[in-house]
Amino acid sequence: MFEEASEVLENMLKWSLPLSLVLFLVLVCPLRAEAAHEFSVYRMQQYDLQGQTYGSRNAILNTEARTMEAEVLSRRCVMMRLADFSYEKYQKALQQSAGAVVIILPQNMSTMPQDIVQQFMELETELLATETIVPVYFALEDEELLSIYTQTQISSSSQGSSSAAEVLLHTATANGFQMVTSGAQSKAVSDWAITSLEGRLTGAGGEDLPTIVLVAHYDSFGVAPWLSYGADSNGSGVAILLELARLFSRLYSYKRTHAGYNLLFFLSGGGKFNYQGTKRWLEDNLDHTDSSLLQDNVAFVLCLDTLGNSDNLHLHVSKPPKEGNPQHVLLKELETVAAHQHPDLKFSMVHKKINLADDTLAWEHERFGIRRLPAFTLSHLESHRSPARHSIMDMRSVSSSLEGAGEATAGPHVDLPKLSRNTKVIAETLARVIYNLTEKGVSGDLQIFTEQMQVQEDQLESLVDWLTAQPRAAQLVDKDSSIVNTLEYYLNRYLKDVKRHLVRADKRDPEFVFYDQLKQTMNAYRVKPAIFDLLLAFCIASYLGVLYLAIQNFGLLYSFLRRVTAPRVKQH
Amino acid sequence: MTLFHFGNCLSLAYFPYFIAYKCSGLSEYNAFWRCVQAGATYLFVQLCKVSEPFGPHKDVSNEFMKATVDLADLLGLHLVMSRNAGKGEYKIMVAAMGWATAELIMSRCIPLWVGARGIEFDWKYIQMSFDSNISLVHYIAMAAVVWMFTRYDLPKSFRLPVTILLGLCVYKGFLMELFVHVFLLGSWMALLVKAVLTGAISLCSLFLFVTLVHSN
């Protein structure tokens with residue numbers, strides 16, 4: 001009986017062993033391949049503004065890589081370097097229905113020559129103007145990515161050529177790359193809140209004082225939200241506004257210098273998306289509240305937009321101010337200060353009527369103008385269409401101490417001495433207005449903000465550095481973000497009644513819609529073409545054939561050795 | 001096509017074993033179950049080796065110690081061969097086939113399954129499969145040398161060469177790593193050197209084997 005049992009057991013084991021092995025293999029091993037290279041990619045903007053869609057619609061990717069030299073681009077991921085990028089190439093890729101476009105940017109933008117940077121900035125607006133279903137990504141270049149690009153370029157350019165033998169050799173040696181993104185398809189972000197902050201300094205003496213409003217939008221914009229640092233536009237505006245808050249709160253803390261004007265400071269969000277923050281703030285203050293500073297007696301509204309560079313200063317108006325108005329006083333004081341204290345500064349007024357037929361408003365002051373509040377925008381840019389306002393090239397430049405002051409950074413950036421000078425000009429002008437200095441006969445040369453009250457350049461520098469340390473695109477700054485919290489904290493140090501103001505898009509007819517999946521991880525896998533596997537199978541089959549023959553004829557070797565050893569034995 | 005690639009690698013690794021099994025006449029002796037037993041012994045020996053921990057530092061002396069532990073392999077082979085009755089060649093082949101197949105399954109199947117099936121292509125899987133072929137030859141040679149070492153009728157003049165070959169077999173891994181480290185060989189070159197080394201060892205052991213068997 002035992003023998004039968006042991007036989008049965010033996011048979012069972014005989015069959016279960018391979019089965020269990022297979023089962024083990026199948027269960028234990030999920031497929032987790034290691035990529036040749038993994039890197040972050042930043043997607044192009046995707047948003048709807050007032051019903052109009054902009055940007056790239058798609059986010060998922062799983063295609064082979066090619067460069068522009070290849071003939072067939074359809075359903076492939078086209079890789080381009082910034083230095084070789086041009087709009088025609090981009091259009092060509094889109095026309096051939098490429099699967100995706102990846103634009104490789106250098107790690108350090110300051111190494112790029114001026115003309116390429118300029119060209120790219122102009123292209124940014126064109127890229128966004130055409131809505132496309134092709135996902136467009138930006139990646140920062142590193143060694144491995146560069147080597148992937150070079151290899152892809154070589155294999156792409158050799159595709160058209162050659163004889164069958166070359167093709168065969170090519171398939172064996174070359175590497176193709178498969179680009180795969182992690183993450184899902186992009187979808188609209190529901191219930192996104194754009195935050196704006198306000199704070200005030202109340203004037204001295206009684207009710208019904210005139211109010212001066214200072215506004216700057218703190219968000220930035222570029223072709224890729226995660227890469228928009230917005231140093232000059234509008235990090236400079238925010239830095240100036242915060243520095244003015246500090247200076248005037250100091251002045252207002254002494255009874256002798258407490259002026260008879262209310263100062264209202266407003267940091268608006270969603271500025272680059274047609275000034276959504278400002279729009280809702282105005283609606284709330286003018287339509288939904290009984291009393292607000294904005295309703296009673298507004299002297300003027302001064303918007304600060306891109307003031308970090310250049311020796312030009314423009315005051316943009318929608319209606320030239322008439323004599324005797326506080327607005328006119330401001331204009332005159334600006335001219336006085338510029339002429340007497342900063343002769344290198346070229347100041348001028350630019351008049352542009354509000355055009356309601358345009359898709360978006362030009363400057364922030366137009367929002368106030370529509371609600372019949374007198375407003376200006378101060379900027380060193382002459383036109384609101386300047387590409388410097390919407391560019392990812394707008395970055396905190398590498399400090400001039402590194403390469404010597406002669407090296408100009410190619411793109412828009414913040415020049416600290418000029419930022420500081422502009423801050424001083426605005427501060428002096430506002431002081432002259434609120435203390436009525438010209439009427440009192442004070443000369444244009446008198447500088448108020450000196451010594452202890454001077455504009456602190458280090459303060460400005462640290463503000464700009466902090467602002468440009470992270471991207472500030474409106475889609476990335478939600479109400480809990482550290483940027484908003486830090487700004488609120490800063491305002492709380494100097495101003496009273498600091499309040500948050502949220503804007504959410506209307507459910508049924510949203511003014512703005514943001515989409516997610518703006519930053520993804522892309523994996524580049526080394527792949528071989530299908531024909532390679534066939535070739536390999538053929539080689540292996542022939543190898544096995546040779547091996548089979550060798551083993552069959554192993555006996556020959558054996559008898560050969562016998563014959564070799566045999567005479568030796570005989571010689572004993 | 002990646003499953004295809006996995007199939008390629010697996011066939012490259014496994015078919016020589018199959019061919020050797022068929023052509024050496026083992027199938028006529030119903031040696032399958034005995035080969036499995038040899039494989040089980042391999043597993044047992046590996047477990048014993050694993051339970052001997054060494055220091056964490058990866059330096060020359062540690063590697064040498066680790067290689068010395070491979071002497072347990074020899075003991076295992078000897079154990080398998082002593083339990084099988086039959087001619088010398090039969091014993092050697094059974095032990096070597098079972099041992100090498102077990103090693104193939106344990107140490108190569110899983111990396112191939114996980115790696116060769118993926119999207120990413122790497123030459124190392126083909127190299128791994130070649131390596132398993134070389135291992136087969138290596139284990140046959142090793143089994144032959146062990147068998148010769150334990151023969152009571154081994155002539156005195158053979159003792160020394162057999163011992164040297166035995167040592168080479170055990171420390172082959174160590175020697176290979178040394179070569180790669182010193183000469184900074186690429187992966188294909190290392191494979192070639194390994195093949196040449198194994199070929200040399202197996203030729204010598206074959207020579208000695210033939211002499212021994214046919215000198216009587």
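The questions and answers below discuss a predicted model.

Student: How far apart are the end C-alpha atoms of helix H1 (residues 2-23) of chain B, and what span should its 22 residues have?

Tutor: Counting 1.5 Å a residue, the 22 residues of H1(B) should span 32 Å.

Student: At which residue does H1(B) bend, and which proline follows within four residues?

Tutor: The helix H1(B) bends by about 30 degrees, and the bend is placed at B:Tyr14. Within four residues of that position there follows a proline, which is B:Pro16.

Student: Which helix of chain A do the buried residues of H1(B) pack against?

Tutor: Residues count as buried when their relative accessible area is under 20%, and in H1(B) these include B:His5, B:Phe6, B:Leu12, B:Pro16 and B:Ile19. The buried residues of H1(B) pack against helix H2 (32-50), helix H5 (88-116) and helix H6 (124-149) of chain B, and, in chain A, against helix H15 (530-552).

Student: Which residues lie closest to the centre of the largest pocket?

Tutor: The largest pocket holds about 1,400 Å³ of space, and 38 residues line it. H15 and helix H16 (554-570) of chain A, together with H1, H5, H6 and helix H8 (187-214) of chain B, each supply at least two residues of that lining. Of the lining residues, the closest to the centre are A:Ile551, A:Phe554, B:Met93, B:Ile140 and B:Leu206.

Student: Is A:Glu451 buried or exposed?

Tutor: A:Glu451 is found in the loop between helix H12 (416-434) and helix H13 (457-467) of chain A, and it has a positive phi of about 50 degrees although it is not a glycine. Its relative accessible area is 65%, and the cut-off for exposed is over 50%, so A:Glu451 is exposed.

Student: How does A:Ser97 count, with a relative accessibility of 44%?

Tutor: A:Ser97 also has a positive phi, of about 45 degrees, although it is not a glycine, and its place is in the loop between helix H2 (87-95) and strand S6 (100-105) of chain A. Because 44% falls between the cut-offs of 20% and 50%, A:Ser97 counts as partly exposed.

Conventions. Residues are numbered from 1 along each chain as its sequence is written. Chains are lettered from A and ligands numbered from 1 in the order in which they are written. This is a predicted model: local features need pLDDT of at least 70, side-chain atom pairs count only at pLDDT 80 or more; totals for chains, interfaces and linings use all residues. Side-chain values use heavy atoms; hydrogens and water are left out. The expected span of a helix is 1.5 Å times one less than its number of residues. The bend at a residue is the angle between axes fitted to the seven residues ending there and the seven starting there. Buried means under 20% relative accessible area, exposed over 50%, partly exposed in between (1.4 Å probe, protein chains only). Contact means heavy atoms within 4.5 Å. On a 1 Å grid over the protein atoms alone, a cavity is a set of points where a 1.4 Å probe fits but cannot get out, and a pocket is an open set with protein on both sides within 12 Å along at least five of seven lines; lining residues have an atom within 4 Å of a point. Grid points are joined across faces, edges and corners, and a volume is the space filled by probe spheres set on the points.
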